[in-house]
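Trainee: Could we go through this model together, starting with how the helices pack and then moving on to the rest?

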Amino acid sequence: MDKSLFITDDEIFERMNLAERIQHLVLIVTFLLLVLTGLPLFFYEFKLFRWLIPSEAAFQVRGIIHRLAAVGLLGVVVWHIGTTLFTRRGRRNFKELRPRFKDFRDALELFGHNLGLTRFLEGKGLFRKFFKKHPYWLFERPPLFGRYNFIEKFEYWAVAWGSLVMILTGFFMWQVELSLRLFPLWVHDIFVVIHGYEAILAFLSIIIWHMYSVHFNSEVFPMSKIWLNGRISGHELRTLHPLEYQAIHLERERAQARAKAGQVMNPYENAKN
Amino acid sequence: MRFSGAPRLSFPPALGLALGLALLSLAPKLQAQSQDDCLACHSDPELKRANETSLFLNQERYADSSHGQAGLSCLDCHAGLRGVRDFPHAEKLKKVACASCHEKPASEASLSIHGRTASDKKEPLPGCPDCHGSHDIRPARDFESMTSPINLPQTCGRCHLEKVKNGRGGEFIRQYEQSIHFRAIKKSGLTLSASCSTCHGSHAIQAVGSSQSLVSRKNIIRACGQCHVGIEKDYLEGVHGKDYLKGIKDVPVCTDCHSEHAILQAQDPNSRVYVTRVAEVCARCHDNLSIARQYGMSASRLKSFSDSYHGTALKFGETRVANCSSCHGFHDIRAASDPKSTINPANLPQTCGRCHAGAGKNFARGKIHSIQDETVTAKYRSSYVIKRIYLILITVILSTLVLFIAADLFRRAVARKRHG
């Protein structure tokens, strides 16, 4: 993406506002607590967990922490839904987060580009005709992402889906008498199975995917600080979220054109942006 | 403590050991020896055999003993000295024959594992005095008796803890000292509790492997049932007891679950049937594929239980959750098809309701031990289908994520090589 005349590389933009950062922090804490107090039940043969939960009292404390953290998670979910529905920023973010066809294409393009297999084949002179006719499949350039790339969208919706499933099934596991008043045992068994396996899925996804994206990825290593200060620079925006960068550029360009056309009434208008 | 009255024949017979001695060096030749004649020498605490073992007779102890109380004199037992005139008499005397009075116990003992006729073992076999003493034989009810329940473990232990090694060794026998039976005797003085002879028998004791043994598989239920009458009744009414009566060899008897010498109260955390440990005991058969196949039972009972919250929590020591016996009962466990069974579908709401207040019919609409099994109603197996779907989903999603990361790392590596 070419450099914009309206955005300097060291300009600071707010990617996560304070509320979002707090939500993220609460999510980290509750998620970790839930995993730590929940996984032992799934891997009950694992020695480390026996060591972690050495006594009956510890086991009961485990249960209490798990439920407290669950309430915390429920709280942050409700709060997030609230900010999403009732703030302009929330609604705009949500719009950006909706999955689109482009996301699937981006995934394919990024993978194809990174692998470079088709370019390799073409270099060897294979399928030359095909690639000449369909250069798309060479994946010469990586896809351009908007405010949220497909990885971030996937994570967002994974958390959304996971929280919903875990909260629902967890509620009925907590209130087992109520659950069995409403459902037969075999349905309750399904809740239990889902709660366990969804947890494993969430835990592994986060460990593998999110930790790579925000920690070990060489672009951000050792850690992206966005979750702490919420700030992203013009340079980062240009390289990581070029479409958003472009959108800001266009917006400013239009604003300037408008200002020029209609005489600058307020000389500080640009500075405010 | 003294007990008056003549010794009863029902007492463990005990006879004085042939005190192989009797030196009456000073005594003049007399027609008939009296007690005093014997005591003329044997009241000397310094009197010893050539090999330094004492020949002293403690008169007070003897007077207090069963035989002393009955007024038996030396010659009643030491019959070899009758009519002997030359003193000191020969060191080797005829062995005291307890059987001359205590006929029944003596003949029982001779046929027992301890008896010479029944045993071809080389170890020295115990004679009457080894268990009963010689001059201070006392009735078992006497606290000082070697055969009192309080002292019996020590008496038997003199040989069985070290000298006599049976199949499982002295440690196995020593476990008795930790048992509830021994503690009841030792700490609470409950002599009705089981001591060695209560289970193994006394004079007629047989090798544990012998079918005649009181603790053989054939007899063990009755052995424990001597005291645990109500439990014997419960057991015989349950599935295990019914199969036991049919002579099925694999069915558990008392000791299979409770252990033998190391038996503890179920409330003791070290007991094999303690709430957090009982599942392992049941699993020896009920998680055993070959036994399950042979008797047409469902297998994987432990696995399916451990996977449930009840089982998992128990593994972490949570004692409030259900263990095997919470639902199945223990001594009178019945098949689910039995209308009296606690796990009969009609009774499940009541059984589950003991912990889950207001438990209704829904508790019976599913499988507690949820395993994938053709015999289980299709919808009861649906959690298994979900589980499988999740496993596929997890595999697919995670491999995709890993592939993306691998491709990303690959591209970066290539770029670094090219540019840097």
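Trainee: Is the crossing of α5(A) and α21(B) left-handed or right-handed?
Mentor: The crossing of α5(A) and α21(B) is left-handed, meaning that the near helix is turned anticlockwise from the far one by less than a right angle. This is a predicted model, where local features need pLDDT of at least 70, side-chain atom pairs count only at pLDDT 80 or more, and totals for chains, interfaces and linings use all residues. Residues are numbered from 1 along each chain as its sequence is written, while chains are lettered from A and ligands numbered from 1 in the order in which they are written.

Trainee: At what angle do α5(A) and α21(B) pack?
Mentor: About 45 degrees, with the axes 8 Å apart, where axes are lines fitted to C-alpha atoms, for helices over the stretch in contact, and angles run from 0 to 180 degrees between N-to-C directions. That makes α5(A) oblique to α21(B), since angles under 35 degrees count as roughly parallel, over 145 as roughly antiparallel, 65 to 115 as roughly perpendicular and the rest as oblique.

Trainee: Which residues of α5(A) and α21(B) meet?
Mentor: From α5(A) come F111(A), N114(A) and L115(A), which meet F404(B), A407(B), D408(B), F410(B) and R411(B) of α21(B), with contact requiring C-beta atoms, placed from the backbone, to lie within 7 Å.

Trainee: Zooming out, how many residues of chain A are in contact with chain B?
Mentor: In chain A 32 residues are in contact with 38 residues of chain B, and α10(A) gives the most to that side of chain A, with 14 residues; helices here are DSSP runs (H or I, at least four residues), numbered from the N terminus.

How values were computed
Contact = placed C-beta atoms within 7 Å. Helix = DSSP H or I, 4+ residues; strand = E, 2+ residues; numbered from the N terminus.
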